[in-house]
Amino acid sequence: MTSSTIEIPGEVKSDPAALMASLQLMPSPVPNAEIKYTKIFINNEWHNSVSGKVFPTYNPATGEQICEVQEAEKADIDKAVQAARLAFSLGSVWRRMDASERGRLLSKLADLVERDSVYLATIESLNSGKPFLPTLFVDLQGTIKTLRYFAGYADKIHGTSIPMDGDYLTFTRFEPIGVCGQIIPWNFPLMMTAWKLGPAIACGNTVVLKPAEQTPLTCLYIAALVKEAGFPPGVINILPGFGPTAGAAIASHMGIDKVAFTGSTEVGKLIQEAAGRSNLKRVTLELGGKSPNIIFADADLDLAVEQAHQGVFFNAGQCCTAGSRIFVEESIYDEFVQRSVERAKRRIVGSPFDPTTEQGPQVSREQQNRVLGFIQSGISEGAKMECGGKALGLKGFFIEPTVFSNVRDDMRIAREEIFGPVQLIMKFKTIDEVIERANNTDYGLVAAVFTNNINKAMTITTAIQAGTVWINCFNALSTQCPFGGYKMSGNGRELGECGLREYSEVKTITMKMVAKNS
């Protein structure tokens, strides 16, 4: 799943008339899509909240309410944990199930997501503001591939024999951790659901999952598919709610053995603290970023400009991987800024259901105001705003693609995660200088370098403190590749074989032998 280059089936023409003709062949959103599930999913059943509370969820393209959703709090989390613990108990259907059968259930879930992918993409766009076609061809494909990848791994998780000294037979066994609490963000609801469920279920755990309160609808539909796929009751439980109530209850619950969270560094700290104060549950965190994108003078400039543009503006800038600190070598700086401004001005902002739209709204009014506040901070601190900078339209939470030049490293916009369509372009002279500046951050999620010199590329990749470094590309993410950060960008890894290790305990088993032979 590569967000920088969205692969759409068939040839798409470049001239307007041919483009519109090509777009007629594309899948269309489901018209007037019905919202089918708004309740809490526990033990394969739909429940109202214990408190009776509900909360509204909105369409960020219009600001209008879509529906109300049942609001889970601590009492609901307690019910879900009880169900998950029962499903994980010794001798249960789930614990006695063959690993290959766990894989078959995950594969069946992937098939159902694929069957309903157009509906899911429609609801995802409605609830999050993401453009429909990229959602269908990037997010849905990523979701399906992730579930299938971990389905294939379910019966391939095994230990090793160890030649221990003495008359002993020793081997290791990978065992599920237990009940896993999972808290996912609003920027990629479907993909993050798959990133969390896939490895946890493949390893044999049970799950209590909380979607973001801004975007609960597709995750709740996944719950219905979980039941249709045939998962036993209590294995997967999905509870919409708010972070300070439902999320906090998951992080501090004595009946939860591991918590996984994707979101802000600020909240990640609270979750790790709560885990430590409760039962010292296992923790994986995928947190914020302020990622450097380094452009050398010998790079393919057309490629670098486009990839830097997509690396910041994809998903309206609402990506933890956003390459928001762009360092450009001095000799090409002015030309790079000029081309980047021209590209930003061509970016089409509009309705998520218009097939020509490249950028939808921010997810909420709160997020829109936060990003606009960062833009004002950049202006106040002396950065040059080359284009954009304003809210768009009377309805919805849109922001113009914004480009700043003459940005200093000590400015707030250069230090803090903006999470919006704001591109910062800075200048450097030497490789040693840019390495030092790129690493001068609390974060370390991803980085990129654009150059045609292999020595420069490898010097940068080995020196940059980041979990992923791309060479002459950006946002080239795949299910097979581990993903996670250094420093305050998180703990542990998701995806790939490394992602499975985060959901297993390693047990060493040693048996005394009468005599040992090699």
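A polar atom of the Glu-502 side chain lies 3.0 Å from the backbone nitrogen of Arg-493, in a predicted model where local features need pLDDT of at least 70, side-chain atom pairs count only at pLDDT 80 or more, and totals for chains, interfaces and linings use all residues. Residues are numbered from 1 along each chain as its sequence is written, and side-chain values use heavy atoms, with hydrogens and water left out.

Glu-502 sits in the loop between helix 17 (496–501) and strand 22 (504–512), helices (H or I, at least four residues) and strands (E, at least two) being DSSP runs numbered from the N terminus. Leaving aside residues up to four places away in sequence, Glu-502 touches Ile-177, Lys-258, Thr-284, Gly-492 and Arg-493, where a contact means heavy atoms within 4.5 Å. Glu-502 counts as partly exposed because its relative accessibility is 21%; buried means under 20% relative accessible area, exposed over 50%, and partly exposed in between (1.4 Å probe, protein chains only).

Turning to the whole chain, there are 17 helices and 22 strands, and 56% of the 518 residues count as buried. Among contacts with a separation of 6 or more, 74% come from residues 24 or more positions apart. The radius of gyration of the chain is 24 Å, which agrees with the value near 24 Å that a compact globule of 518 residues would have; this radius is taken over C-alpha atoms, and the globule rule is 2.2 Å times the number of residues to the power 0.38. Along the principal axes, the C-alpha atoms fill a box of roughly 75 × 60 × 45 Å.

Conventions. Polar contact = N/O pair within 3.5 Å; in protein donor to acceptor, adjacent residues only side chain to side chain.
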